[in-house]
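Here is a friendly walk through a two-chain model, written for someone who likes cut-offs stated plainly. Have a look at the sequence and the fold, then read on.

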Amino acid sequence: MSGRADDSTYARRLEICSGCPDLQYGTTCRHCGCLVAVRVKLAAKGCPNSAPKWDAHLELSQN
Amino acid sequence: MNKLVINVDLGKEKISRHIYGHFAEHLGRCVYEGLWVGDDSAIANTRGFRNDVVAALRKLNIPNLRWPGGCFADTYHWTDGIGPREKRPSIVNVHWGGCTENNHCGTHEFLDLCAQLNCEPYIAGNVGSGTVKEMSEWLEYITMPAESPMANLRRKNGRQDPWPLTYWGVGNENWGCGGNMRAQYYADLYRQYASYCRHLTPGKRLYKIACGFHDDWNEILMREAGRFMDGLSIHYYTVPGTWNKKGSATDFSLDEWRTTMQKAWSVDGFLHRTEGIMDRYDPEKRVGMILDEWGTWFDVEPGTNPGFLYQQNTIRDALVAGLSLNLFHHHAERLHMTNIAQTVNVLQAMVLTEGAKMLLTPTYHVFEMYKVHQDATLLPSMVESPEYVPAMSPAPNPGAAGFSMPWDAVAQISASASRNAEGKIHISLCNLHHDEATDIAIDLRGTTPSNLTGRILSAPALNSMNTFEEPNAVKPTAFDGFRLAKTGITISLPARSVVVLEIQ
């Protein structure tokens, strides 16, 4: 839970979040209230959208 | 051993169900995302409101819901939130993070939510940045059954009949975020606004609530405007640290545990003092005391938007809820309503959401266990219990409402009892001690206990909580730690536990 995402996962997640229409004020995910710059660093966290946008299969294959 | 004497054959005050009221402000993810997701959301909803959250809240028998604030109320212009949603203007929530809102959850939607929850609305009108005309027209819009400009506008927007409405707040925290007013000025403004706050449905009456604060303010307000109000609103938050560094909701020391219990318990002194002021100007006790914001206030969860006031909720919060509700019961004669802050995702919430996921907090479980007290008759009771935290005076920090106050001594056991319409007796007990189990002898005067059942909420650690990964870590279970005797019961209370007993 406390583990950090590797650099490529971090970068990929952040890119997805940056282009997500549910990013509010340029900082905050509307679905969880998290500052996305923090959440994307946490390896065990997922995209909280009911239709998750982070590619879980891709992340699992690389972790 | 601890002792609790309950006079079962006495009791006259009713514990208003409205003491179990709630509060949903346009703040963070309380209204938007927590309650309202819109009718085009992938999350299951009924006319835009989350089905899972509504179903969970219905199980609490929520009696009323306060809306739209809070500080937000004195910036809210209700006409922004009616009509076709795509045409409603977006607004900036200046008090809470400068967030932009699309106004899709407005008057029609909120009153539909109340219908879905089967609860009464409590609306706070805008004094700080509004006008008398704006407020009176909102009331006309909601309550007028006949032809009128606002009733016709309501019909044009799809609602034929007026909505049921009783509780109306004339502003919120007008001593601070609601206009930074002085007491005398607000008292005069209250009298002016209240003159035009009318319920326009024949046979219905509006319960008007004025904005109180600390002792000096309340004295002036009761003196100058007491006869024009039905309720006096006060707020009390439990902040273990200071306003600048409140403390973590989940990572706290034993000292912070004790301080939290003490500051929560100290609401009792605040209520007594407010009652004393009200008694001077309203000895018949016509005006109700309305504690329409209360609960724990910690630092936001790390990594979350600081303006959203999102905090986790542990067994510590459950004990704050349990001891507070016990105290509130004992003020039933004057205390007509309380509203815990806030219902979803903000401060001491009932439920937390993350996308489509939802969890019930330990505080939720206390409200569910305690709902048996709603509209029951308070039974006079007396606790003898050792001191757990000594009194501290003078106040080491400003009080939770922003003014200095003493911190009361805290007993290890908090208790209250009631008898419902079916004659069942319910006793709620909290053992506030962090690690010491204890026994309590209950002397039931006026009855011989026979059939007894119970439920308990406890947890293995001081910061046990429910998470989205483990949503049922803290939940009530059946309780059998009691022994029946001829005139009473002996209870074994685990450390940091909340117990509710039912006696038939």
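Predicted model: local features only at pLDDT ≥ 70, side-chain atom pairs only at ≥ 80, totals over all residues.

In which helix of chain B is B:Thr143 found? B:Thr143 is found in helix H3, which covers residues 132-143 of chain B. Helices (H or I, at least four residues) and strands (E, at least two) are DSSP runs, numbered from the N terminus.

Residues are numbered from 1 along each chain as its sequence is written, chains are lettered from A and ligands numbered from 1 in the order in which they are written, and side-chain values use heavy atoms, with hydrogens and water left out.

**Two buried threonines**

B:Thr143 is buried, with a relative accessible area of 0%. Buried means under 20% relative accessible area, exposed over 50%, and partly exposed in between (1.4 Å probe, protein chains only). The side chain of B:Thr143 reaches the backbone oxygen of B:Leu139 at 2.7 Å and the backbone nitrogen of B:Leu200 at 3.1 Å. Leaving aside neighbours within four places in sequence, B:Thr143 is in contact with residues including B:Arg154, B:Pro162, B:Leu165 and B:His199. Contact means heavy atoms within 4.5 Å.

B:Thr296 sits in strand S12 of chain B and is buried, with a relative accessible area of 0%. Beyond its neighbours within four places in sequence, B:Thr296 is in contact with B:Thr238, B:Gln311, B:Asp317, B:Val320, B:Leu347 and B:Gln348. B:Ala341 is 45 residues away from B:Thr296 along the chain, and their C-alpha atoms are separated by 8.2 Å.

How many of the 7 residues of strand S13 of chain B are buried? The count is 6, so this strand (residues 335-341) is largely enclosed by the rest of the structure. Two strands pair if DSSP finds at least two bridges between them. Strand S2 (residues 21-23) of chain B runs parallel to S13(B), and 3 bridges join them; B:His22 has B:Ile340 as its bridge partner. Strand S12 (residues 288-296) of chain B also pairs with S13(B) in the parallel sense, over 4 bridges, with B:Ile290 partnered by B:Met337. From S12(B) the chain crosses through helix H9 (residues 315-330) to S13(B), and this β-α-β crossover is right-handed: with the strands pointing away from the viewer, the path from the first strand over the helix to the second runs clockwise.

Helix H10 (residues 362-370) of chain B has 9 of its 9 residues buried, so it is largely enclosed by the rest of the structure. Among them are B:Tyr364, B:His365 and B:Phe367.

**Chain A and the interface**

Chain A has 3 helices and 2 strands, running α-β-β-α-α from the N terminus on. Of its 63 residues, 35% count as buried.

Between the chains, 15 residues of chain B are in contact with 16 residues of chain A. The buried area (the accessible area, 1.4 Å probe, that two parts lose on being put together, summed over both) is about 1,200 Å², and carbon and sulfur atoms give 49% of it. In chain B, B:Glu33, B:Gly303 and B:Glu354 lose the most area to chain A, together 36% of what that side buries. There are 2 salt bridges between the chains, a salt bridge being a side-chain nitrogen of Lys or Arg within 4 Å of a carboxyl oxygen of Asp or Glu. A:Arg39 and B:Glu354 meet in a salt bridge at 2.8 Å, N to O.

**Backbone points to check**

Most residues other than glycine have a negative phi, and most peptide bonds are trans. The table lists some exceptions.

| Site | Feature | Value |
|---|---|---|
| B:Gly69 and B:Gly70 | cis peptide bond | omega about 10° |
| B:Ala341 and B:Gln342 | cis peptide bond | omega about -10° |
| A:Tyr25 | positive phi | about 55° |
| B:Asn180 | positive phi | about 50° |

A:Tyr25 is partly exposed, at 34% relative accessible area, and B:Asn180 is exposed, at 63%.

Technical notes:
Polar contact = N/O pair within 3.5 Å; in protein donor to acceptor, adjacent residues only side chain to side chain.
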